Amino acid sequence: MKPSPSSRPRKSSSRPKTTQTQRTPQKKVPARRTVEALTAPNRQLASVMREWFVAFLPPPRLTVSQWADANRVLAREDSAEPGKWDTNRAPFQRGWMDAVNDPLVEEVVVKKSAQVGWTASVGNIVGYFVDQDPSPILIVHPTLEMAESWSKNRLAPMVRDTPCLAAKMADPKARTSANTIREKSFPGGTMAIVGANSPSSLASRPMRVVIVEELDRCTDSAGTEGDPVALAYKRTATFWNRKKISGGTPTIEGASKTEERFLAGDQRYFHVPCPHCGHEQVLKWQQVQWDRGPTGEHLPETARYLCADPECGTLWDDSDRYTAVAGGSWQATKPFNGIASFFIWEAYSPWVRLSDTVSSFLEAKDNPERLKVWTNTCLGETWAEKGEAPEWQRLYERRSRDLMIGEVPEWGALLTAGLDCQRDRVEVSVWAWGPGLQSALVEHVIFDGDPSQDDVWDEVDALLQREWTSKAGMPLRIARLAADTGDGYSTTQVYRWARKHPRHVMAVKGTHRFDSSSPVSGPTRVGIKGKGGKVLNRTVSLWTVAVSVFKSETYSWLNLDQPVDGQAYPNGYIHLPQGTSDTWIKQLVAETLMKVKNRAGFTKLEWRKVQERNEALDCRIYARAAAYAIGIDRWNEDKWRRAQGYSPAPAPTEPRDPLPEGPRAPDPSGSDPFRAGSPSSGRPRRGGGWLHRRR
């Protein structure tokens with residue numbers, strides 16, 4: 001039986017008891033030897049090892065904006081302020097640049113105006129991934145030409161002037177397989193610079209970072225393979241830390257890809273505090289104010305920004321505005337879902353004055369097409385197309401009382417016409433144009449007959465030779481006629497007829513793009529086919545017309561209110577004379593703008609007919625295209641007066657000294673033998689002769 005623990009004898013300790021004053025001496029630990037305490041060879045070895053350890057340490061974690069502030073150098077070729085990058089110059093850029101470093105953010109979208117430094121920010125993002133986080137990068141531009149231009153004019157100078165990038169990327173002048181205009185390589189990654197219009201450049205290849213420039217300018221489909229942006233984003237599917245970055249200026253409401261991606265995110269706006277009261281607010285165009293002169297003229301140089309707090313009501317100058325932006329911050333208005341979306345416009349930019357924004361608005365406000373460009377590029381907002389057709393009854397009731405069908409108004413200075421071909425007839429509308437782009441219908445003529453035969457075109461020839469007299473007594477003929485080349489049934493015949501009248505007839509083909517840089521582009525040379533389908537040794541000029549642009553413009557002008565009490569007609573007002581039938585007016589408003597989805601599922605705007613016939617609208621659009629091709633959109637007041645038959649007053653001349661006496665004095669009869677071009681000189685005057693007159 002084992003004894004209990006309490007009954008066990010306690011072992012005596014062999015360690016002698018010590019008192020408080022008698023302690024066991026501790027083992028002495030040698031002091032750490034410093035580099036200075038080492039011998040010379042050991043000191044040198046320790047120094048080398050320390051340098052090696054520092055070299056193997058990971059680089060410090062930086063955000064994109066921190067990397068740019070530390071490394072980026074702006075080149076003279078692509079910057080108005082070359083030199084060291086400073087994010088504090090435009091602090092709102094820090095928001096979308098550093099969102100790239102957020103592990104929770106998969107997609108970054110920037111809806112913007114011009115002049116906010118977006119392209120330079122894209123360069124910072126690219127440089128960060130090359131230097132700090134090497135990855136396969138894909139940069140998508142709308143076209144291959146734009147991609148190559150960015151590579152040569154933006155990327156190459158940035159790499160050259162930023163030392164940390166120049167050390168990692170090959171010399172652009174070295175033509176190797178690893179370094180071309182559209183393909184770059186660097187330690188740990190590659191870079192492909194492609195165009196959205198090239199399906200082959202969007203072939204499947206894994207990419208961690210995809211950057212898309214100008215979403216709205218990218219085509220709807222890369223060949224037959226579908227939406228190029230969706231194809232590019234597909235290439236990031238295998239990366240858990242993928243980044244999708246896009247930005248651009250929006251275009252048309254309901255058809256803007258930039259707007260669509262922005263609304264899909266958390267919709268961040270930059271809030272700034274008032275320098276006087278501290279009230280935080282988002283800058284809006286409605287708060288910009290300016291004065292008028294004693295005669296009502298606008299004074300854009302007086303532009304100020306009104307604080308949104310009604311109790312404050314302070315007017316900021318540009319200095320106050322810059323101070324407010326320096327203290328601003330981004331605030332999301334929707335729940336975060338992995339997409340960080342940002343909106344910015346030029347009121348936040350340190351490179352734009354409010355007076356510049358107001359001046360550009362005053363220049364564009366009376367022209368819908370220029371106002372659309374201003375809305376997109378200055379405000380960064382989409383343009384709402386006026387696609388709602390005005391009521392035909394209202395247009396019928398407001399017909400001009402002092403103008404009859406077949407008459408040219410007193411202010412009419414130019415006649416153009418639009419021609420539309422149908423299977424059994426040709427229809428032509430003749431329009432008069434005047435200052436401020438006012439227009440009036442003169443006549444709408446229908447020529448019955450098969451347009452593929454010559455008979456009907458003889459009648460149209462007679463219309464070209466016809467002369468109208470304006471109510472001011474000025475004789476006028478059709479200056480330019482735009483003829484639709486049709487859907488193929490009568491195309492060759494239209495080409496042949498247009499070739500017979502190269503100075504007065506332009507063959508046109510419509511396109512439905514809303515974002516055309518010019519509503520009328522051309523001309524291009526097109527071969528004419530013979531009866532057997534063989535292309536003859538003849539060509540004709542073919543003009544491309546953005547019919548969607550002119551339809552939106554026409555509807556916006558038709559919606560203008562008729563002036564009362566002797567007020568002047570607004571710019572663009574369309575006069576419909578007495579005698580215009582209700583059937584014709586219904587054709588003029590026979591289409592409306594509708595939102596439809598294409599095969600890829602994207603929403604787009606299309607003009608759809610709401611009436612069976614729309615020949616009046618088509619003829620109006622082609623007549624407007626002819627006027628645009630002549631250049632009346634750029635005519636000033638003096639040119640309009642000359643076109644109306646008014647001769648400008650002669651400029652005052654200073655009295656001249658009397659001619660010297662002698663045999664060389666010119667003969668009053670004009671037969672001076674010493675004067676070139678006189679009848680007796682034997683030499684023709686320069687620029688004369690039948691050949692020059694013919695040209």
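Asp448 has its place in strand E19 (residues 438-448); helices (H or I, at least four residues) and strands (E, at least two) are DSSP runs numbered from the N terminus. With a relative accessibility of 60%, Asp448 counts as exposed, where exposed means over 50% relative accessible area, buried under 20% and partly exposed in between (1.4 Å probe, protein chains only). This is a predicted model, in which local features need pLDDT of at least 70 and side-chain atom pairs count only at pLDDT 80 or more, while totals for chains, interfaces and linings use all residues. Residues are numbered from 1 along each chain as its sequence is written, and side-chain values use heavy atoms, with hydrogens and water left out.

**Strand E6 and its partners**

Now to a mostly covered element: in strand E6 (residues 189-195), six of the seven residues are buried. Strand E4 (residues 137-141) runs parallel to E6 and is joined to it by five bridges; two strands pair if DSSP finds at least two bridges between them. Val140 stands opposite Val194 of E6. Strand E5 (residues 183-186) also pairs with E6, here in the antiparallel sense and over four bridges. Phe186 has Gly189 in E6 as its bridge partner. The hairpin of E5 and E6 has two residues between the strands, and Gly188 takes a positive phi near 90° there.

**A three-strand sheet**

Elsewhere, three strands form an open antiparallel sheet in the order E11-E12-E13. Its edge strands are E11 (288-292) and E13 (315-316), each pairing on one side only. Two bridges link strand E12 (residues 298-306) to E13 in the antiparallel sense, and Leu306 has Leu315 in E13 as its bridge partner.

**Salt bridges**

Side chains of opposite charge can pair when their charged atoms come close. A salt bridge here is a side-chain nitrogen of Lys or Arg within 4 Å of a carboxyl oxygen of Asp or Glu, and by this rule the count comes to 26.

Lys244 is buried, at 14% relative accessible area, whereas Glu106 is partly exposed at 30%.

Arg89 is partly exposed, with 39% relative accessibility, and Glu81 is partly exposed as well, at 31%.

Arg425 counts as buried at 14% relative accessibility, while Asp424 is partly exposed at 46%. This pair belongs to one network, in which salt bridges that share partners join Asp424, Arg425, Glu427, Arg613 and Glu615.
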